[in-house]
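Take a look at the model below. We will walk through a group of strands, then a pair of helices.

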Amino acid sequence: MALINLRCVQACTSRAQACRQLLTRGRVTHLFSSEAGLLCPHGSSALQMACSVTGLQGMAGRNYHMELGNPLSSIIGTVNLHGEAGNHFKSNGLQIEEWELLKELNKCHSYKDIFRFVNSLESLADTTVAAVLQRLCDVEVEDGRPKHAQDLAEDTVFQSLCFQLEQESLNLSHTSLVNSLSALIKLRVDPGSTVMVRLILESQERLRKGQLATSDLCVLAEGLLDLEGPDCAILEQIMDQVQSTNLEDWKPDEMAMVYRILQLGVGKKGQYQSLLNKMNNLTVSQVSEFSSKLISEVLNALVVLDQTQALPLVIKLCKSSVRCIPSFTDDEIIHVLEAFIHFGHNDPFFTEALERHVAKHAFTLHPRVVSKVMQYCSKKHILSKPIFNAVAESFIYNADGFTTTQIAEQIIPFGKLNYLPPCAPSLFRKVERVLSARFAQFQPHMLLSLLHSCTLVERYPLNFLTKVFSPYFLQQLQAEQPGLKKSVRCQLTQLFLTVTVECPSYEGPKLLPKYRVKSFLMAGHSLESSMDIHFYNQVKAGLIDLLGARGYFASRVLTPYCYTIDIEIKLDEEGFLLRATQYDEVSQRIALCIDDPKRFCVNSHNLLGKEAIKRRHLKLVDYEVVQIPFFEFELLKSKTDIVEYLHKKIFPKSFRLSW
């Protein structure tokens with residue numbers, strides 16, 4: 001194990017540049033690049049560049065060991081990383097357990113806190129150095145880059161840590177070696193710097209000798225993926241060694257790590273599918289041992305790798321996630337929700353646990369989490385009033401800090417699932433204020449979807465429709481989506497129809513005919529639902545018995561208002577039936593809505609927003625709308641019951657004649 005007296009190394013740091021000059025034959029290899037204040041951007045040639053630095057290929061066998069200033073009795077013990085650890089460490093004469101070191105390190109929330117903590121220690125072990133660098137990544141790396149690159153580059157403590165790794169690369173433990181390399185890669189340290197070259201060469205050498213455990217192989221692979229991408233030649237050698245081990249001996253965290261490197265790029269395009277199949281089967285028996293972090297990581301990998309054939313594993317992981325909801329981090333719960341959405345799995349116990357969690361923490365949850373929860377409810381058609389009410393209250397107070405995407409993602413489900421919370425007046429006043437202040441910041445398509453969803457629950461955005469129907473906004477829509485998809489034109493047409501039939505006072509611009517559609521019914525994301533054929537056939541048989549002939553009603557009738565009616569019945573002025581093919585003397589039209597479960601929220605009698613607005617509009621254009629819901633129809637036991645039911649529904653004020 002490599003050990004260091006920190007005071008000694010800091011004293012030596014001033015000699016570091018001179019040492020690097022000697023090692024690179026007069027050329028100083030800096031730790032960081034100077035481009036825009038960022039550390040070195042890793043590219044496809046980074047590893048080759050590191051391995052070709054002059055003079056280093058022949059140094060792999062030399063032992064660079066620093067003079068340690070302290071006897072072994074004062075040495076700091078190791079930090080537990082992937083199962084490798086010593087028993088304790090000492091600082092200022094006080095013996096502190098290893099977990100206390102990690103606890104103190106995890107209290108550091110900036111690089112300054114971390115370096116201040118490191119300065120308080122007399123000496124460090126290599127595993128401690130690796131833990132410090134990993135913590136630096138946790139607090140400093142954001143969107144793949146360090147936030148304070150230049151400050152890190154100039155800090156003497158960081159330079160001392162890198163100098164320690166340079167000098168002791170041959171003596172580092174396997175875990176410390178790969179973890180330190182991984183951390184420096186994330187911190188975007190220049191691949192051509194001496195410390196990176198040393199660590200990469202030593203990792204390759206130990207890989208060649210087969211000395212790395214499965215967990216170490218995975219850490220190394222993840223680092224190389226970040227450095228080189230999935231085309232890195234060494235990855236194949238790593239995967240060969242991973243597959244040569246006995247999968248049944250893998251611990252849960254090792255299983256999750258292999259899933260992760262496959263997810264990051266090694267396993268894409270169907271590579272290593274046979275390995276994945278074995279892992280999917282074996283992991284089912286390990287799920288009970290998984291922590292919340294492992295559950296989230298494996299589910300995320302299964303989504304990215306599109307392992308639709310691994311449903312037994314997905315279901316078991318989803319069931320196990322119920323107990324972990326309170327302990328999930330923001331990113332972890334987002335990954336779990338994405339898995340439920342991707343694989344189409346439903347679990348009422350998960351929804352109940354999610355309801356309790358959101359209702360309790362809605363005001364403190366990250367907006368990304370709230371948006372993903374609402375997306376989960378929207379995609380699954382789950383009308384959870386506790387969730388929707390809590391999100392509405394939170395939105396009223398917190399919306400000013402949300403991104404425009406988060407605003408849309410949290411409001412659109414209210415319209416889609418046709419629900420108004422108790423605080424609806426305050427909620428939509430807030431939506432209006434946000435739109436007034438930030439209208440230009442919204443992406444056109446997202447803005448259109450938001451305004452359209454408001455109309456589904458009878459909240460009419462009249463103040464903004466003048467802008468939406470303007471040529472400028474329509475040009476923006478076309479620029480965002482060349483050709484203007486039919487789904488977008490459907491939304492525009494329904495918005496225009498809404499203000500035409502529901503808001504007669506609207507006097508703003510009209511939607512030009514070239515942007516309108518003739519039918520809202522289309523494949524994919526339609527603004528109305530198609531009929532369930534089996535349900536339709538049952539109703540059709542009853543209608544024939546009731547009306548006396550098939551010719552007295554028509555099916556799938558497209559109206560001039562773009563809606564398709566499931567069944568249409570025509571009556572004259574005296575209320576007598578007319579043939580479906582007759583167009584003269586029609587005084588009344590009856591629209592039958594054959595409502596199967598897909599037209600309602602899950603486990604609810606609440607119509608979806610697109611179905612509710614369709615009925616409103618049909619009534620406003622003089623149709624008599626008759627709803628035939630599945631939950632009433634399925635209670636009917638015989639043909640006689642069906643006929644009697646249809647008669648009461650369609651002709652409630654007339655006596656039924658026998659044919």
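Predicted model: local features only at pLDDT ≥ 70, side-chain atom pairs only at ≥ 80, totals over all residues.

Start with strand β8, which spans residues 564-571. Is this strand mostly covered or mostly open? Strand β8 is mostly covered, with eight of its eight residues buried.

Now look at its partners. Strand β7 covers residues 554-558 and runs antiparallel to β8. Four bridges join the two. Between them lies a hairpin with five residues between the strands. There, cysteine 562 takes a positive phi near 80°.

Next comes strand β9, residues 577-578. It pairs with β8 in the antiparallel sense, over two bridges. In β9, leucine 577 is the bridge partner of leucine 571. β8 and β9 also form a hairpin, with five residues between them. Glycine 575 sits in that turn and has a positive phi of about 85°.

Strand β10, residues 588-595, is joined to β8 by five bridges. These strands run antiparallel. Leucine 571 has a bridge partner in β10 as well: glutamine 588.

Move on to the helices. Helix α19 (residues 367-380) packs against helix α21 (residues 404-416). Their axes are 9 Å apart, at an angle of about 25°. Angles under 35 degrees count as roughly parallel, so α19 is roughly parallel to α21. The crossing of α19 past α21 is left-handed. Among the residues making the contact are Val370 and Met374 of α19, and Pro413 and Phe414 of α21. By type, the contact residues divide into five nonpolar, four polar and four charged.

Notes:
Residues numbered from 1 in each chain as written. Heavy atoms only, no water. Buried < 20%, exposed > 50% of the residue type's maximum accessible area, 1.4 Å probe, protein only. Pairing = 2+ DSSP bridges. Axes fitted to C-alpha atoms, helices over the stretch in contact; angles between N-to-C directions. Parallel < 35°, antiparallel > 145°, perpendicular 65-115°, else oblique. Left-handed = near helix turned anticlockwise from the far one by under 90°. Contact = heavy atoms within 4.5 Å. Nonpolar A, V, L, I, M, F, W, Y, C, P; charged D, E, K, R; others polar.
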